[in-house]
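Hello,

Here is the structure I promised to pass on. Please open it alongside these notes, which go through what was found.

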Amino acid sequence: MHTPRGTIAADFVICGTGIDMNFAGRGELSNFAGNIATWTDRYLPPSNERNARLGRFPYLADDYAFTERVPGKTPWISDVHLFAIASTMSFGPSGSSINAMTTAVPKLVHGLTRGLFRADVARHWASLSAYDVPQAVVTRQARSSGELR
């Protein structure tokens with residue numbers, strides 16, 4: 001292959017184009033892939049705007065988390081967040097565009113920290129409720145009998 005910087009010799013050239021959503025094809029997602037909600041599960045556009053490929057994109061929660069196709073079947077998937085080109089249908093080019101990082105990353109971080117706090121809110125409340133160290137101790141001096149009121 002000839003390039004502006006010289007010749008590159010290779011046995012194989014592998015090119016890939018396009019994006020397709022196949023959660024079952026990913027080992028780490030395959031066990032629950034069937035319950036990841038997609039745009040087709042949540043939105044039916046007018047017939048002249050339907051696109052099967054776009055319908056396979058995941059329908060993400062506001063913190064980039066997977067949502068369940070069948071609620072209650074795999075509730076823990078809301079702890080799996082997807083910040084990549086696959087989040088495009090839910091958020092625009094947020095996880096795949098340098099320009100979008102200024103708004104997308106804070107949204108992701110807010111969602112992650114909110115989820116971590118909510119998961120531990122009972123522990124945080126118990127700790128706050130058990131706190132019994134006084135912040136300020138104010139004592140009032142006794143008045144002598146000759147003081148004016």
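**A loop residue to start from**

Ala24 sits in the loop that connects β2 and α1. Leaving aside neighbours within four places in sequence, Ala24 is in contact with Ser30 and Ala33. Its C-alpha lies 14 Å from that of Phe66, and 42 residues separate Ala24 and Phe66 in sequence. Keep in mind that this is a predicted model.

**Confidence and overall form**

The average pLDDT of the chain is 87, and 91% of the residues score at least 70. Among the elements, α1 has the highest mean pLDDT, 96. Strand β1 (residues 2–3) has the lowest, 80.

The chain has 5 helices and 2 strands. Read from the N terminus, the order is β-β-α-α-α-α-α. The radius of gyration is 28 Å, whereas the globule rule gives 15 Å for 149 residues, so the chain is more spread out than a compact globule. The C-alpha trace spans about 105 × 50 × 30 Å along its principal axes.

Of the 149 residues, 22% count as buried. Take the contacts in the chain with a separation of 6 or more: 48% of them join residues 24 or more positions apart.

**The nonpolar core**

Which residues touch the most other members of the largest nonpolar core? They are Phe23, Phe32, Ile36 and Phe66, in a core of 13 residues. In soluble globular proteins, nonpolar side chains tend to be buried together.

Phe23 belongs to the loop between β2 (6–7) and α1 (39–42). Phe23 counts as buried because its relative accessibility is 12%, under the 20% cut-off. Beyond its neighbours within four places in sequence, Phe23 is in contact with Leu29, Ser30, Ala33, Ile36, Thr38, Arg56, Pro58 and Phe66.

Phe66 has its own set of contacts, again leaving aside neighbours within four places in sequence. They are Phe23, Leu29, Phe32, Ile36, Pro58, Leu60, Ile77, Ser78, Val80 and Leu82.

**A positive phi at Tyr64**

Most residues other than glycine have a negative phi. Tyr64 is not a glycine, yet its phi is positive, about 70 degrees. Tyr64 is placed in the loop between α2 (52–55) and α3 (88–91). Is Tyr64 buried or exposed? It is buried, because its relative accessible area is 1%, under the 20% cut-off.

Helix α4 covers residues 101–119, 19 residues in total. At 1.5 Å a residue, α4 should span 27 Å. The C-alpha atoms at its ends are 26 Å apart, which agrees.

Within α4, Ala104, Leu108 and Gly111 are buried. These three are on the same side of α4, because they cover an arc of only 65 degrees around the axis. An α-helix has 3.6 residues a turn, so residues three or four places apart point the same way. The other side of α4 holds exposed residues: Thr102, Thr103 and Leu116.

Best wishes

Methods: Residues are numbered from 1 along each chain as its sequence is written. Side-chain values use heavy atoms; hydrogens and water are left out. A nonpolar core is a set of buried Ala, Val, Leu, Ile, Met, Phe, Trp, Tyr and Cys residues joined through side-chain atoms within 4.5 Å. Buried means under 20% relative accessible area, exposed over 50%, partly exposed in between (1.4 Å probe, protein chains only). Contact means heavy atoms within 4.5 Å. Helices (H or I, at least four residues) and strands (E, at least two) are DSSP runs, numbered from the N terminus. The expected span of a helix is 1.5 Å times one less than its number of residues. The arc is that of the directions from the helix axis to the C-beta atoms. pLDDT is the predictor's confidence in each residue, from 0 to 100. The radius of gyration is taken over C-alpha atoms; the globule rule is 2.2 Å times the number of residues to the power 0.38.
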